[in-house]
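Please look at the sequence and the structure below before reading on.

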Amino acid sequence: MSPVVPIRGRVPQPRPYPAPEPTPYDGGWAVVDLEASGSSSRRHRVVELAVVLLDRDLEPQGEFTTLVDPQGPVGPTHIHGIEPAHLAGAPRFGGIAGRLLGLLRGRVLVGHNVGCDRSFLVAEYARVGLRLPVVPELCTMRMATRYGEPGGTSYGLSLRACAAAIGVTGWRPHTALEDARATAALLAHYAPRAAGLDRLLTAAAAVRWPEPAELSGLSGADALWTARPAWAAPGNDSAPRSVPDVRNGLA
């Protein structure tokens with residue numbers, strides 16, 4: 001099995017990547033972020049997604065991102081920065097569904113307002129005829145309310161506000177990969193104060209996931225993953241930026 005190769009940095013134009021191999025690592029955290037064409041998982045579609053993989057000790061293992069063809073309107077371009085032309089050649093969700101399951105398998109699902117991310121994933125998998133398993137999940141928004149710095153949530157619980165409260169700034173909100181990196185930084189920051197994380201990891205490892213034979217009927221499976229171009233960002237800011245490395249909970 002090929003090693004997980006992180007997709008790091010920013011690319012000058014839309015660029016296809018081979019579908020990521022299912023991770024060989026034993027458990028850990030799958031930090032996800034989605035951009036969508038609207039707020040309803042029943043009526044709207046995913047237009048971009050990213051996954052940052054961390055091992056049980058929050059060490060980075062890889063990160064993956066792709067634009068997704070919603071087969072319809074892209075929604076609020078003024079928020080996520082994605083225009084219809086950016087999606088030329090992007091895979092449909094069915095083309096990435098199998099490999100995405102491989103990345104999520106055996107891991108705790110993490111997101112900032114993770115229930116929203118989960119509901120979109122459940123809906124997208126249902127559209128291609130698969131039932132996403134019920135997996136343990138962890139919400140960094142809820143962690144912020146419980147473990148955040150005193151007064152740190154006075155400006156709200158948005159990802160931007162929570163990240164700023166721990167010193168993570170200078171990144172592009174509403175780009176899936178950078179949002180996922182910021183969420184991973186929040187997880188690493190709050191984890192030392194959080195209880196029950198080992199129980200979540202143990203429960204995640206016991207979840208039954210669809211087997212390869214159950215995925216064989218997916219249309220367009222193993223499509224190339226296509227990263228967002230550098231210039232297709234909210235505000236069209238071309239200055240290179242990055243979120244701090246999540247290892248050791250840097251903030």
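Ala-36 stands opposite Val-46, a residue of strand β3, in this predicted model. Helices (H or I, at least four residues) and strands (E, at least two) are DSSP runs, numbered from the N terminus. Residues are numbered from 1 along each chain as its sequence is written, and side-chain values use heavy atoms, with hydrogens and water left out. Because the model is predicted, local features need pLDDT of at least 70 and side-chain atom pairs count only at pLDDT 80 or more, whereas totals for chains, interfaces and linings use all residues.

**Pairing of β3**

- Strand β2 (residues 29-36) runs antiparallel to β3, and 8 bridges join the two; strands pair if DSSP finds at least two bridges between them.
- β3 also pairs with strand β4 (residues 60-67), again in the antiparallel sense, over 7 bridges.
- Across this second pairing, Ala-50 has Thr-65 of β4 as its bridge partner, and Val-51 stands opposite Phe-64 of β4.
- The hairpin of β3 and β4 has 5 residues between the strands, and in this hairpin Leu-58 takes a positive phi near 70°.

**The sheet and its helices**

- The sheet is open, has 5 strands in the order β4-β3-β2-β5-β6, and shows mixed pairing.
- β4 and β6 (137-139) are at the edges with a single partner strand each, so one side of each has no neighbour in the sheet.
- From one strand to the next, the twist averages 20°; axes are lines fitted to C-alpha atoms, for helices over the stretch in contact, and angles run from 0 to 180 degrees between N-to-C directions.
- Helix α3 (residues 114-127) packs on the sheet and touches β2, β3, β5 (108-111) and β6, its direction making about 75° with that of β2; contact means heavy atoms within 4.5 Å.
- Helix α4 (residues 140-147) also packs on the sheet, where it touches β5 and β6, and its direction makes about 55° with that of β6.

- β3 is largely enclosed by the rest of the structure, because 9 of its 9 residues are buried (under 20% relative accessible area, 1.4 Å probe, protein chains only; exposed is over 50%, partly exposed in between).
- Glu-48 lies in β3 (residues 46-54) and counts as buried because its relative accessibility is 2%.
- The side chains of Glu-48 and Arg-228 make a polar contact (2.5 Å), meaning a pair of N or O atoms within 3.5 Å; within protein, one must be able to donate a hydrogen and the other to accept it, and residues adjacent in sequence count only if both atoms are side-chain atoms.
- Not counting residues up to four places away in sequence, Glu-48 touches several residues, including Asp-33, Thr-65, Ile-82 and His-174.
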